[in-house]
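Me: I'm new to this structure and would like to learn how to read it. Could we go through it together?

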Amino acid sequence: MEEQVNGLIIRKPMKTEYSELWSIVESIHKKQEKKRLYEDFNINHTKESFRELIEKGMEEERIWVALLRGKIIGFINIKYQAPDYMFFDDKYVYIRYFYMEGNHQEYAEQLMETVVKDAKQYGFDYICGDLIQDDEEMEQLYEKNEFENYRIRLAKKL
(Lines give C-alpha, C1' and ligand atoms only; values in the text may rest on other atoms or scores of the structure.)
Protein backbone atom coordinates (compact mmCIF):
# COMPACT_ATOMS: atom_id res chain seq x y z
CA MET A 1 0.00 0.00 0.00
CA GLU A 2 1.50 3.31 -1.06
CA GLU A 3 -0.21 6.66 -0.89
CA GLN A 4 0.94 10.03 -2.16
CA VAL A 5 -0.62 13.24 -0.87
CA ASN A 6 0.87 16.71 -1.44
CA GLY A 7 4.28 15.29 -2.36
CA LEU A 8 4.37 13.07 0.73
CA ILE A 9 4.69 9.36 0.04
CA ILE A 10 3.58 6.89 2.69
CA ARG A 11 4.50 3.25 2.23
CA LYS A 12 6.01 0.23 3.92
CA PRO A 13 9.80 0.50 4.29
CA MET A 14 12.23 -1.13 1.90
CA LYS A 15 15.03 -3.35 3.19
CA THR A 16 17.56 -0.74 2.06
CA GLU A 17 16.04 1.79 4.49
CA TYR A 18 16.72 -0.33 7.57
CA SER A 19 19.87 1.53 8.66
CA GLU A 20 18.28 4.95 8.38
CA LEU A 21 15.19 3.84 10.30
CA TRP A 22 17.24 2.07 12.97
CA SER A 23 19.22 5.28 13.49
CA ILE A 24 15.94 7.10 14.21
CA VAL A 25 14.82 4.31 16.55
CA GLU A 26 18.10 4.53 18.47
CA SER A 27 17.62 8.28 18.95
CA ILE A 28 14.09 7.59 20.23
CA HIS A 29 15.48 5.00 22.67
CA LYS A 30 18.09 7.45 23.98
CA LYS A 31 15.46 10.14 24.50
CA GLN A 32 13.16 7.69 26.28
CA GLU A 33 15.92 6.43 28.57
CA LYS A 34 16.48 9.96 29.85
CA LYS A 35 12.79 10.33 30.72
CA ARG A 36 11.77 6.81 31.72
CA LEU A 37 11.12 6.35 35.41
CA TYR A 38 10.25 2.65 35.50
CA GLU A 39 11.91 -0.21 33.67
CA ASP A 40 8.62 -2.04 33.15
CA PHE A 41 7.77 0.43 30.38
CA ASN A 42 10.01 -1.10 27.75
CA ILE A 43 8.42 -2.20 24.52
CA ASN A 44 11.45 -1.33 22.44
CA HIS A 45 12.63 -3.32 19.46
CA THR A 46 16.10 -4.75 19.45
CA LYS A 47 18.24 -4.18 16.40
CA GLU A 48 17.59 -7.77 15.32
CA SER A 49 13.81 -7.71 15.85
CA PHE A 50 13.53 -4.40 13.98
CA ARG A 51 15.60 -5.74 11.07
CA GLU A 52 13.43 -8.87 10.93
CA LEU A 53 10.24 -6.78 10.91
CA ILE A 54 11.48 -4.72 7.96
CA GLU A 55 12.98 -7.61 6.00
CA LYS A 56 10.34 -10.29 6.56
CA GLY A 57 7.31 -8.39 7.81
CA MET A 58 4.82 -9.72 10.31
CA GLU A 59 1.09 -10.14 10.09
CA GLU A 60 0.45 -8.56 13.49
CA GLU A 61 2.93 -5.70 13.24
CA ARG A 62 3.56 -3.06 10.58
CA ILE A 63 5.71 -0.06 9.81
CA TRP A 64 4.85 2.81 7.50
CA VAL A 65 7.36 5.44 6.47
CA ALA A 66 6.65 8.98 5.32
CA LEU A 67 8.96 10.30 2.61
CA LEU A 68 9.19 13.82 1.30
CA ARG A 69 11.29 14.33 -1.82
CA GLY A 70 12.81 10.88 -1.29
CA LYS A 71 13.89 11.54 2.32
CA ILE A 72 12.38 9.71 5.30
CA ILE A 73 10.78 12.37 7.52
CA GLY A 74 8.70 10.12 9.73
CA PHE A 75 7.47 6.64 10.48
CA ILE A 76 5.00 4.77 12.61
CA ASN A 77 5.33 1.23 13.94
CA ILE A 78 2.09 -0.36 15.11
CA LYS A 79 1.13 -3.72 16.51
CA TYR A 80 -2.32 -5.29 16.25
CA GLN A 81 -3.31 -6.51 19.72
CA ALA A 82 -5.94 -8.92 20.98
CA PRO A 83 -8.21 -7.72 23.81
CA ASP A 84 -6.24 -7.50 27.04
CA TYR A 85 -9.09 -6.37 29.35
CA MET A 86 -6.74 -4.01 31.19
CA PHE A 87 -7.24 -1.38 28.52
CA PHE A 88 -9.73 -2.55 25.91
CA ASP A 89 -12.33 -5.29 25.69
CA ASP A 90 -11.93 -5.17 21.91
CA LYS A 91 -8.89 -5.79 19.76
CA TYR A 92 -6.85 -2.63 19.31
CA VAL A 93 -3.86 -1.08 17.57
CA TYR A 94 -0.85 -0.28 19.75
CA ILE A 95 1.69 2.32 18.61
CA ARG A 96 5.24 1.19 19.40
CA TYR A 97 7.00 4.10 17.67
CA PHE A 98 5.65 7.32 16.20
CA TYR A 99 8.15 9.80 14.81
CA MET A 100 7.79 12.89 12.67
CA GLU A 101 10.78 15.10 11.92
CA GLY A 102 10.10 18.64 13.06
CA ASN A 103 6.74 17.53 14.45
CA HIS A 104 5.06 18.51 11.12
CA GLN A 105 1.39 18.11 11.96
CA GLU A 106 0.05 17.81 8.42
CA TYR A 107 2.42 14.93 7.62
CA ALA A 108 1.83 13.24 10.99
CA GLU A 109 -1.93 13.32 10.33
CA GLN A 110 -1.47 11.73 6.91
CA LEU A 111 0.69 9.00 8.43
CA MET A 112 -1.93 8.36 11.12
CA GLU A 113 -4.73 8.28 8.50
CA THR A 114 -2.87 5.48 6.69
CA VAL A 115 -2.74 3.45 9.90
CA VAL A 116 -6.41 4.09 10.69
CA LYS A 117 -7.51 3.11 7.18
CA ASP A 118 -5.53 -0.13 7.36
CA ALA A 119 -6.74 -0.97 10.87
CA LYS A 120 -10.40 -0.38 10.03
CA GLN A 121 -10.32 -2.90 7.21
CA TYR A 122 -9.41 -5.56 9.80
CA GLY A 123 -12.15 -4.50 12.21
CA PHE A 124 -10.07 -2.66 14.80
CA ASP A 125 -11.89 -0.05 16.89
CA TYR A 126 -9.17 1.62 18.96
CA ILE A 127 -5.63 2.86 18.60
CA CYS A 128 -3.45 3.75 21.56
CA GLY A 129 0.09 4.66 22.49
CA ASP A 130 1.97 5.11 25.72
CA LEU A 131 3.46 8.42 26.67
CA ILE A 132 6.54 8.84 28.79
CA GLN A 133 6.16 11.56 31.39
CA ASP A 134 7.42 14.99 30.24
CA ASP A 135 7.76 13.93 26.59
CA GLU A 136 6.14 17.08 25.20
CA GLU A 137 7.00 16.32 21.58
CA MET A 138 5.15 12.99 21.64
CA GLU A 139 2.30 14.47 23.62
CA GLN A 140 1.81 17.10 20.90
CA LEU A 141 1.88 14.48 18.14
CA TYR A 142 -0.78 12.43 19.90
CA GLU A 143 -2.99 15.35 20.93
CA LYS A 144 -2.91 16.94 17.47
CA ASN A 145 -4.08 13.59 16.11
CA GLU A 146 -7.07 13.74 18.49
CA PHE A 147 -5.86 11.20 21.04
CA GLU A 148 -7.30 11.56 24.52
CA ASN A 149 -6.14 10.33 27.91
CA TYR A 150 -7.47 6.87 28.59
CA ARG A 151 -6.39 5.36 31.88
CA ILE A 152 -2.61 5.61 31.56
CA ARG A 153 -2.61 5.71 27.77
CA LEU A 154 -3.71 8.08 25.06
CA ALA A 155 -6.33 6.59 22.78
CA LYS A 156 -8.59 7.42 19.86
CA LYS A 157 -11.73 5.65 18.64
CA LEU A 158 -11.34 4.71 14.96
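Reply: Happy to. Let's begin with burial: buried means under 20% relative accessible area, exposed over 50%, and partly exposed in between, with a 1.4 Å probe and protein chains only. Here 47% of the chain's 158 residues count as buried. This is a predicted model, in which local features need pLDDT of at least 70 and side-chain atom pairs count only at pLDDT 80 or more, while totals for chains, interfaces and linings use all residues. Residues are numbered from 1 along each chain as its sequence is written, and side-chain values use heavy atoms, leaving out hydrogens and water.

Me: In what order do the elements of the chain run from the N terminus on?

Reply: Helices (H or I, at least four residues) and strands (E, at least two) are DSSP runs, numbered from the N terminus. This chain has four helices and eight strands, in the order β-β-α-α-β-β-β-α-β-α-β-β.

Me: How far apart are the end C-alpha atoms of helix α3?

Reply: The expected span of a helix is 1.5 Å times one less than its number of residues. For the 16 residues of α3 (residues 105–120) that gives 22 Å, and the end C-alpha atoms are 22 Å apart, which agrees. Buried residues of α3 include Tyr 107, Leu 111 and Val 115.

Me: And Gly 102: is it buried or exposed?

Reply: Gly 102 is exposed, with a relative accessible area of 63%. You'll find Gly 102 in the loop between β5 (92–100) and α3. Gly 102 lies 29 residues from Ile 73 in sequence, and their C-alpha atoms are 8.4 Å apart in space.
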